[in-house]
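Please consider the structure displayed here.

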Amino acid sequence: MIKTGKIAPLYLGCVLLVCAMTACKVQHRQGVSGEEVKFTKTTLTTEFISEGVAVGDVNNDGAVDIIAGARWFEGPDWERVHDIYPEPQKFDGTTGYSNSMLNFTIDVDQDGRMDYIRVDFPGKEIWWYQNPGDTGGYWQRHVITEAAANESPAFVDIDGDGRPDILCADPNTKEMVWFRCPDEKGNIEWIRHVISERGAPGTDVFSHGLGFGDVNGDGRGDVVSMHGWWEAPADPKQLHWTFHEADLGEDCAQIHVMDVNGDGYPDVISSSAHRFGMWWHEQGRDEEGNTTWHTHEITGDFSQTHALSLVDINGDGNLDLVSGMRYFAHMGNDPGELNDPVIFWLEFVPGETPIWIPHIIDNASGVGVDNAVQDINGNGLLDIAIANKKGVFYFERVAR
């Protein structure tokens with residue numbers, strides 16, 4: 001494995017930078033200021049094996065491991081690499097894609113061992129792999145759905161039972177659907193539930209943008225696309241949630257819901273999958289009480305931000321954004337695709353006019369189609385794992 005030294009955050013040019021840094025210091029009642037956040041980069045492989053990544057303690061040794069495509073890298077030193085399945089291990093990123101677009105982990109059958117979910121190429125299957133434990137060998141493969149659409153399927157708790165479910169689209173029926181994660185020991189059946197009518201927006205094979213969050217403030221998680229949102233009923237298993245049409249920007253990645261400006265109305269955050277731009281879409285009300293949406297640019301400096309996470313990186317109580325450039329997303333044919341493949345985080349500074357301060361983590365990696373952002377090394381700070389056409393990388397947050 002290749003390790004580099006500490007990576008200090010860099011600031012991009014911004015007219016509001018001085019004011020932002022001043023405001024930032026006022027806002028930090030806890031945690032640290034953004035300029036104090038540093039990461040150490042470890043390159044797990046430079047082979048293109050996946051554009052999805054997940055983390056979890058695969059072998060129950062107390063150390064978190066990293067999974068990408070057909071391999072898992074054993075923590076904490078990453079020297080031992082294991083195969084999950086015997087399908088092709090690496091791909092040519094100059095001519096095509098992998099068969100691993102998003103990855104998730106959960107103990108599906110609740111046998112005490114971490115299992116693995118792989119979202120195949122858009123329009124194809126979502127699989128889960130059963131951890132063999134001490135017996136070793138390849139993991140047994142099971143299908144969750146034979147066809148999944150939308151390029152950002154989500155692993156979120158739709159029904160509030162504490163276990164994340166699969167949210168995606170069905171390309172055959174053009175419905176938005178969710179698959180309930182098994183909740184009893186030994187049960188491995190994922191139950192399909194329909195959210196939308198047939199022919200719904202955001203359900204084509206290569207549709208972009210999908211999210212889950214409480215849009216109307218009723219305490220229930222709604223499903224959001226760039227075309228609008230489906231209002232969750234009291235029972236999420238109910239057919240055909242009410243759809244509210246809205247213009248929530250252009251083709252994007254993961255969609256997040258957060259009250260950005262503190263006015264009591266949840267807003268929507270998105271990032272461009274194949275062009276430049278990141279935005280927040282402000283929810284408001286007109287004089288008649290009708291819902292309105294107004295789009296604000298967060299930054300236009302980055303392209304191909306095909307993976308977007310909403311997390312509190314610096315521990316100040318404010319949710320920040322983690323993203324980067326999806327390297328060679330369309331083999332060099334998208335705007336800005338030959339730029340340096342950066343990964344960065346945007347420090348959120350709340351206020352009547354909210355702003356985000358950019359911090360570059362690295363300029364030679366980028367992101368894939370999802371990020372894994374959680375405490376991987378056990379020091380209480382958020383680390384980042386990514387996989388894309390440049391390889392698999394681990395960014396370890398350095399403690400002060």
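The text below turns to salt bridges and then to the nonpolar core.

The model is predicted, so local features need pLDDT of at least 70 and side-chain atom pairs count only at pLDDT 80 or more, whereas totals for chains, interfaces and linings use all residues. Residues are numbered from 1 along each chain as its sequence is written, and side-chain values use heavy atoms, with hydrogens and water left out.

A salt bridge is taken as a side-chain nitrogen of Lys or Arg within 4 Å of a carboxyl oxygen of Asp or Glu. Over the whole structure, the search finds 17 salt bridges. One of them joins D161 to R180, with the closest N and O atoms 3.3 Å apart. D161 is located in the loop between β11 (149-156) and β12 (165-170), and R180 in strand β13 (residues 175-180), so this pair ties together parts that are 19 residues apart in sequence. Strands (E, at least two residues) are DSSP runs, numbered from the N terminus. The accessibility classes are buried (under 20% relative accessible area), exposed (over 50%) and partly exposed (in between), with a 1.4 Å probe and protein chains only. D161 is partly exposed because its relative accessibility is 31%; R180 counts as buried because its value is 16%.

Another pair is formed by R192 and D170, whose closest N and O atoms are 3.0 Å apart. R192 is partly exposed at 36% relative accessibility, while D170 is buried at 11%.

R113 and D111 also form a salt bridge, in which the closest N and O atoms are 3.0 Å apart. R113 is partly exposed at 29% relative accessibility, and D111 is partly exposed at 27%. Elsewhere, salt bridges link E87, R118, D120 and R141 in a network.

What forms the largest nonpolar core? A nonpolar core is a set of buried Ala, Val, Leu, Ile, Met, Phe, Trp, Tyr and Cys residues joined through side-chain atoms within 4.5 Å. The largest one has 20 residues, and I117, I126, I144, I166 and W190 have the most contacts inside it. Two or more residues each are given by β7 (102-106), β8 (115-119), β9 (126-130), β12 and β13. The largest share, 3 residues, comes from β7. Contact means heavy atoms within 4.5 Å. Leaving aside neighbours within four places in sequence, I166 has contacts that include F104, I117, I126, I144, V177 and W190.

Technical notes. Helix = DSSP H or I, 4+ residues; strand = E, 2+ residues; numbered from the N terminus.
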